[in-house]
Amino acid sequence: MTVAQPEALTFECETGNYHTFCPISCVAWLYQKIEDSFFLVIGTKTCGYFLQNAMGVMIFAEPRYAMAELEEGDISAQLNDYEELKRLCLQIKRDRNPSVIVWIGTCTTEIIKMDLEGLAPKLESEIGIPIVVARANGLDYAFTQGEDTVLAAMANRCPKQVEEEDKGDGCAVADRNAIQKLLSFGKKNEEVAREESEYVDHPPLVLFGSLPDPVVTNLTLELKKQGIKVSGWLPAKRYTELPVLEEGYYVAGVNPFLSRTATTLMRRRKCKLIGAPFPIGPDGTRAWIEKICSVFGIEPKGMEEREAQIWANLEDYIQLIRGKSVFFMGDNLLEISLARFLIRCGMTCSEIGIPYMDKRYQKAELDLLEKTCHEMGVPTPKIIEKPDNYNQIQRIHELRPDLVITGMAHANPLEARGINTKWSVEFTFAQIHGFTNARDILELVTRPLRRNNNLKDLGWDKLVKEAKV
């Protein structure tokens, strides 16, 4: 008797363009995360209109970003790029005095070959503020990869050991020492020593990925329970607090769209990447912690009970989606992790569309997805990179999934055809990492289903059918 082997994941690549939000929208969450930064987006009026629409609700909060709008004179090389950017950066310094200015390059700067990397060092030395150049143009990158290019650029600015800094930049050492004193302010020496004794002796670990402060605290405490000390986060709350990175340091990512940052940390900074699934959902969070523990030779404690407790708390939501099907059109590169979590919740998934797939960086996540499908007894989904939306819509009409997670452009047309949708962009801005935030993921996923149930209770579905007749 032969035993049936579990299905392997299948990959396809269609020729559709990136049907995603523009990656310059990463400014929306990065300027809030890095509190002493200023983001200067260098593009056309179209980029400005997009940012105003994407972040219009924040306009009254005096956000720390601005547009450098390219005019005809810039594009035809009649104006001096350096002088114009210098004028803007001096105004930013005078008005805001940030610790760092981040130049975000757009499609137009790519097309006219504006040498931002060449201009930045000269201007940086002239105005006395670090200038980080990141290309977040929609020609090359999907929605969330804007953050990836910014963090990859910042990884090159992370300091080395304090002894080496002291030889070159005494100010950086003074800043860092002041920060350490602030962190220990009000604590007695015995308390500091006791805190240090709670950790196992292991090589330094730096985590990368922009997360809200409560989630950063949550994940840091989860690792602390296992005796693992987080030496720093990239990005930090302040540019002056960027983590020290040395050759041989260990790094782990928290988001699946940070492959360029991971590559930069490995190749440029000679760090060791921990290839773990991402801490999304209780299953992913447990796997992420256990993988970090295994690298440091630590036996994880209480993880099975912790995960079981979270699943028990989610049961009311899981009952709504168990046995239902989900289809991912592809937008923010969180699709693999979300699909794996929803399959563990009891859903089926026939297709995962994703704008860009780095199989090396997401290998552990793909392995966990395959394992989850086998354990849940469901077919493995087909993964389609750069999906063609026309073909996808044909497949959606054939499959009739219970829920489609899609970009904003397709949500209303699909809803008009009787298909439940959820905007993928909402998962980007929601807190979805760690054990405690799994409920927020299901709150988003089940919202359209709960809405439909409420409409049925009101008899609305009958009214709609009568209106169609």
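This is a predicted model: local features need pLDDT of at least 70, side-chain atom pairs count only at pLDDT 80 or more; totals for chains, interfaces and linings use all residues.
**Entry 1: a pair of strands**

How many bridges pair β10 and β13, and in which sense, parallel or antiparallel? I looked it up: β10 and β13 pair in the parallel sense over three bridges. Two strands count as paired if DSSP finds at least two bridges between them. Helices (H or I, at least four residues) and strands (E, at least two) are DSSP runs, numbered from the N terminus. In β13, I found V404 as the bridge partner of F327.

Residues are numbered from 1 along each chain as its sequence is written, and side-chain values use heavy atoms, with hydrogens and water left out.

**Entry 2: the whole chain**

I got 22 helices and 14 strands for the chain. Buried residues make up 50% of its 469 residues. For me, buried means under 20% relative accessible area, exposed means over 50%, and partly exposed is in between (1.4 Å probe, protein chains only). Next I checked contacts, meaning heavy atoms within 4.5 Å. Among contacts between residues at least 6 apart in sequence, 76% join residues at least 24 apart.

**Entry 3: the six-stranded sheet**

I followed β10 and β13 out into their sheet. It is an open sheet of six strands with parallel pairing, in the order β1-β12-β11-β10-β13-β14. β1 (10-13) and β14 (421-423) each have a single partner strand, so one side of each is left without a neighbour in the sheet. From one strand to the next, the twist averages 20 degrees.

Is β13 covered on one face or both? Both: L403 and I405 are buried on one side, and V404 and T406 are buried on the other.

I then found helix α16 (residues 335-344) lying across β10, β11, β12 (382-385) and β13 (403-406). This helix runs at about 175 degrees to β11. Axes here are lines fitted to C-alpha atoms, for helices over the stretch in contact, and angles run from 0 to 180 degrees between N-to-C directions.

**Entry 4: strand β6**

I moved on to β6 (residues 205-208). L205 and L207 point one way and V206 and F208 the other, and all are buried. β6 pairs in the parallel sense with β8 (residues 250-253) over four bridges, and L207 stands opposite A252 there. β6 also pairs in the parallel sense with β7 (residues 232-234), over three bridges. In β7, G232 stands opposite V206.

A nonpolar core is a set of buried Ala, Val, Leu, Ile, Met, Phe, Trp, Tyr and Cys residues joined through side-chain atoms within 4.5 Å. The largest one has 106 residues, and F39, I104, L205, W288 and L342 touch the most other members. Apart from it lies another core of 20 residues, including L85, I101, W103 and M114.

Leaving aside neighbours within four places in sequence, F39 is in contact with residues including V27, I34, Y65, I104 and V150.

S37 lies in β2 (residues 37-43). Why do I call S37 buried? Because its relative accessibility is 1%. Its side chain reaches the backbone oxygen of I34 at 2.6 Å.

H410 is found in helix α19 (residues 408-416) and is buried, with a relative accessible area of 19%. The side chains of H410 and N389 make a polar contact at 3.1 Å. A polar contact is a pair of N or O atoms within 3.5 Å; within protein, one must be able to donate a hydrogen and the other to accept it, and residues adjacent in sequence count only if both atoms are side-chain atoms.

Last, I checked α13 (residues 281-295): at 1.5 Å a residue, its 15 residues should span 21 Å, and the end C-alpha atoms are 21 Å apart, which agrees. The expected span is 1.5 Å times one less than the number of residues. W288 is one of the buried residues in α13.
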